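Hello,

Here is the structure I promised to pass on to you. Please have a look at it first, and then read my notes below.

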Amino acid sequence: MKHFVKGCAVAASIAIGALACAGSVSAAPDDGLINESAAALKGKKVAFVPIAMGFDLTEAWAAGLKLDAQRFGYELTIRDPNWSVDAGAQAISQLISEQPDVIVVHPPEIQAYSRLIQQANAAGIPVITVSLKADANGDVFVGPDWYDLAVKETESMVKMCGKDSGKSGKIAVMQGVLTNPTSQYGIQAIQDTLKNHPEIQIVSNQGADWDASKAHAIASTVIKANPDLCGFIGLWDNMDVGIAAAIKEAGKQGQIAVASSGGGNQVSGCDNIENGNFASYVSYDAKGQARDLMMAVRTILQNKPATPGEHTVGLYTPLKVITKDTMTADSCWKLDDVKKFGP
Amino acid sequence: MSGRSITKLSQEKIVAIITVALILFFSVSLNSFLTAGNILALLQNVAILGILGVAMALAIIGRGIDLSVVAIMAISVAWVLQLNNGGVALPQAVAMGFALALVIGLVNGILIAYLEIPAIFATLAMGTAAYGSVRALLLDDNLVYLKAAEGTWFKWIGSGQVYGIPSPILIFAAIALIAHLFLRFTVSGRFVFAMGDNPLAARATGVPIRALMVLQYLLTAAIAFVAGVVMATAVDSMETRVARSNLVYDIILVVVIGGIGLNGGKGSIRNVLVGTLLIGVLLNGMTIMNIPYTLQNIIKSLILLAAIIIDAVMNPRDEQTSQQGDI
């Protein structure tokens with residue numbers, strides 16, 4: 001009898017526990033997909049190898065991935081090579097042996113990691129490349145069409161310096177790293193676009209290694225050598241502030257226009273349009289890219305390709321041209337907000 | 001007789017001659033080269049390199065080297081901008097950044113003078129360690145914009161003018177002059193030469209070489225901070241990535257090409273000026289000619305190599321110099 005009572009109590013408590021348990025589950029109904037898709041992400045390993053952390057683009061993308069990692073319980077590893085191509089290559093090699101479920105790579109240039117991307121694919125690991133298009137496609141590419149971006153920049157330059165502008169038509173081009181897709185496809189785009197505008201003449205075409213200080217030095221020389229210069233086409237906001245500083249120093253703000261581009265971070269993009277540093281700005285909205293990247297990772301984890309690298313999904317970022325006339329309060333995003341609230 | 005005067009050409013003179021030849025060549029071939037505006041731009045563009053060159057020269061003359069100058073410059077000034085943007089008053093932010101630079105310099109000095117770690121290894125390690133720890137612990141981002149200090153005296157340092165002369169040139173001139181006076185006319189300055197020439201002999205004659213070494217690295221750190229302020233206020237931002245760039249080799253190049261031997265004890269600030277001017281003229285002329293970037297690098301290295309070869313032929317190493325040993 002005593003045993004029976006005790007047994008009942010145990011059974012009852014188990015039953016109550018089960019009920020309570022069932023109760024909490026029923027609070028979030030299964031719509032037939034949500035639990036399954038979340039389960040596919042749980043416990044997976046996602047690795048991210050940026051060019052470097054600590055600047056707007058990579059911080060925004062990482063913020064998105066961190067948010068998802070927390071929410072779905074996947075493990076996110078970020079290996080920061082801090083602008084060293086070697087260290088990045090080592091990080092990817094190391095990751096291949098660790099067999100994560102997906103590797104997100106931000107290639108510093110077209111060739112550098114192509115072999116490694118293929119090796120990862122051959123080892124059965126899907127690869128997502130972000131922003132800078134490498135030679136090897138991997139499984140998903142998230143990033144801008146650099147050709148189109150440079151066409152848009154050149155077109156806005158033509159508007160400011162071309163026919164009927166009353167200007168000299170002399171422009172200068174400031175590239176970053178020459179082996180980077182921004183230059184490889186960008187220069188092609190600039191030349192193709194200018195074929196229809198013979199009145200525009202490129203008087204200087206130099207590279208500044210994405211370094212504002214180098215860009216400043218080159219720009220100040222070019223401005224002195226060409227007193228009637230009409231504009232600069234720059235290829236990254238973080239570098240192009242150096243051009244803007246040189247123009248301001250020469251007292252030519254308003255006379256020499258800067259067409260720039262970047263990830264649409266408030267301080268690098270819209271603030272510079274607002275204060276007149278840039279006359280036009282093509283944004284590839286890194287905040288939007290962060291979301292694209294989150295979704296690409298989710299897709300791959302839920303639906304792992306049978307043969308990684310066989311098919312590639314191209315998720316080209318919609319581009320937005322921002323000028324003083326087209327700028328609105330939400331044309332740009334703030335890094336602090338993205339870090340705090342997600343993309 | 002004429003043969004003797006040729007062999008007397010020092011590397012500094014050879015580089016000066018090459019520089020003058022280049023100036024003549026560019027003046028004739030490029031319309032816009034020899035204008036006041038362009039010459040000022042030329043000097044302004046190498047001012048930061050020159051300031052860092054002065055710091056490096058102080059280290060090398062004392063038979064040391066400071067590979068951490070660029071890291072010190074980048075992180076200390078990036079921290080100033082970040083503090084100031086975050087609401088810390090400008091003078092206080094500047095003082096904190098300057099103190100950070102001095103602390104790194106002090107650690108360099110102690111490692112080299114008291115733990116007797118060779119300068120090349122101590123500063124190489126400190127550059128990386130300081131960059132890494134400051135970046136991880138103090139700085140939010142790699143790139144810090146100058147926002148709050150816009151329109152202040154601080155902003156003037158790298159972007160102001162006096163009678164049309166850009167302030168970076170004036171600051172370079174001031175730093176060079178102070179360093180020159182220090183080396184030539186102060187007791188500590190003379191001791192730096194003694195230490196560089198023969199540290200053991202200097203010590204035996206009563207030169208406090210350990211304290212002097214610490215002073216040396218404090219000075220390089222202080223000058224690096226000034227260079228950083230000029231750089232940040234010229235382009236409204238500080239990109240800490242510069243710490244990982246090739247800039248430090250360019251600085252050593254300016255010093256060595258100007259004729260300061262890596263084995264210490266020899267040279268003057270004038271050598272730095274000559275070396276800096278050569279690089280400035282080259283870069284400026286090639287930019288005006290719109291020579292592609294990669295080709296510019298090739299031409300630059302070939303001219304520098306030529307200067308070194310001419311020096312090696314004209315001033316061959318003798319038993320004494322080879323015994324001292326370079327780094």
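Two residues count as being in contact if their C-beta atoms, placed from the backbone, lie within 7 Å. In chain A, among contacts between residues at least 6 apart in sequence, 75% join residues at least 24 apart.

A word on conventions: this is a predicted model, in which local features need pLDDT of at least 70, side-chain atom pairs count only at pLDDT 80 or more, and totals for chains, interfaces and linings use all residues. Residues are numbered from 1 along each chain as its sequence is written, while chains are lettered from A and ligands numbered from 1 in the order in which they are written.

Chain A has 12 helices and 12 strands (DSSP runs numbered from the N terminus: H or I of at least four residues for helices, E of at least two for strands). Its radius of gyration, taken over C-alpha atoms, is 25 Å, well over the 20 Å that the globule rule (2.2 Å times the number of residues to the power 0.38) gives for 343 residues, so chain A is more spread out than a compact globule. The C-alpha trace of chain A spans about 105 × 45 × 30 Å along its principal axes.

Where the chains meet, chain A contributes 28 residues and chain B 26. On the chain B side, α3(B) gives the most, with 5 residues.

As for confidence, the model scores ipTM 0.79 and pTM 0.83.

Enjoy exploring!
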